[in-house]
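Me: I'd like to learn how to read salt bridges in a model. Could you walk me through some?

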Amino acid sequence: AGAVGGGALERVGAHTAADGTTKLLFRLRQPPRTAASGGEARSAAAAEGLVEAVIIPVERTGRRTVCVSSQLGCAMNCQFCHTARMGLRANLSAAHIVEQVVEAKRFVAEQERALAEAGEKEGEDDAGDAGAPVRTSSWNCVFMGMGEPLHNLEEVLRAVDILTDDAGVALPRRRVTVSTSGLVPQIRELRARSPAALAVS
């Protein structure tokens, strides 16, 4: 499939497993910020790589969880994690993070519309509704993709604000979870400044 998206990210791939889990792959349209310096824009060559987001369906509830990335690569060096082998290439901006959720919702709507047009959904009512946008309340968002979210705290905080704002993506606050490997000072700051739930993994 061709590239999709006109914002901070360009969707360049989608791979769906037998259990319905879908991995979306994105190329960065807007250069990310450096991880170590005072916020200078990083060149596309220096930040080369694809960002991943994963859509996880929950059949019994009809809810979907989108697992988003907060960094390109990671500096935590967890030995069990494939992303750690990349090292930290760049911090993603709030726009990069939020757009992963927007693109996930768009992808699901496209798939449902295609099924309806092909006549593969059962019942006229289901087929008639399939082209409608997926309800915002049927989504969870977890920061458990590439990177350590609390190592990119300011952009993650901005992203959570947009995701939970009624004028933004409007996800319920209880549906957004930030996962961390255990950066204690940043955990305290997250709890003080954000409505997001916290998971330590």
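**Reading the salt bridges**

Reply: Happy to! Start with arginine 193, which forms a salt bridge with glutamate 189, their closest N and O atoms being 2.5 Å apart. Keep in mind that this is a predicted model.

Me: What is the general idea behind such a pair?

Reply: Side chains of opposite charge can pair when their charged atoms come close.

Me: Where do arginine 193 and glutamate 189 lie?

Reply: Both are in helix α4 (residues 184-193), four residues apart, about one turn of the helix. Arginine 193 is partly exposed at 42% relative accessibility, and glutamate 189 is partly exposed at 31%.

Me: How far apart are N and O in the salt bridge of arginine 158 and glutamate 155?

Reply: The N to O distance there is 2.6 Å. These two residues are three apart in helix α3 (residues 153-164), so about one helical turn separates them. Arginine 158 has a relative accessible area of 42%, which makes it partly exposed.

Me: Is arginine 11 buried or exposed?

Reply: Arginine 11 is buried, at 7% relative accessible area, while glutamate 110 is partly exposed at 28%.

Me: Which residues are linked with them in a network of salt bridges?

Reply: The network links Arg11, Glu103, Arg106 and Glu110. For the whole model, the count comes to 10 salt bridges.

Conventions
Residues numbered from 1 in each chain as written. Predicted model: local features only at pLDDT ≥ 70, side-chain atom pairs only at ≥ 80, totals over all residues. Heavy atoms only, no water. Salt bridge = Lys/Arg side-chain N within 4 Å of Asp/Glu carboxyl O. Buried < 20%, exposed > 50% of the residue type's maximum accessible area, 1.4 Å probe, protein only.
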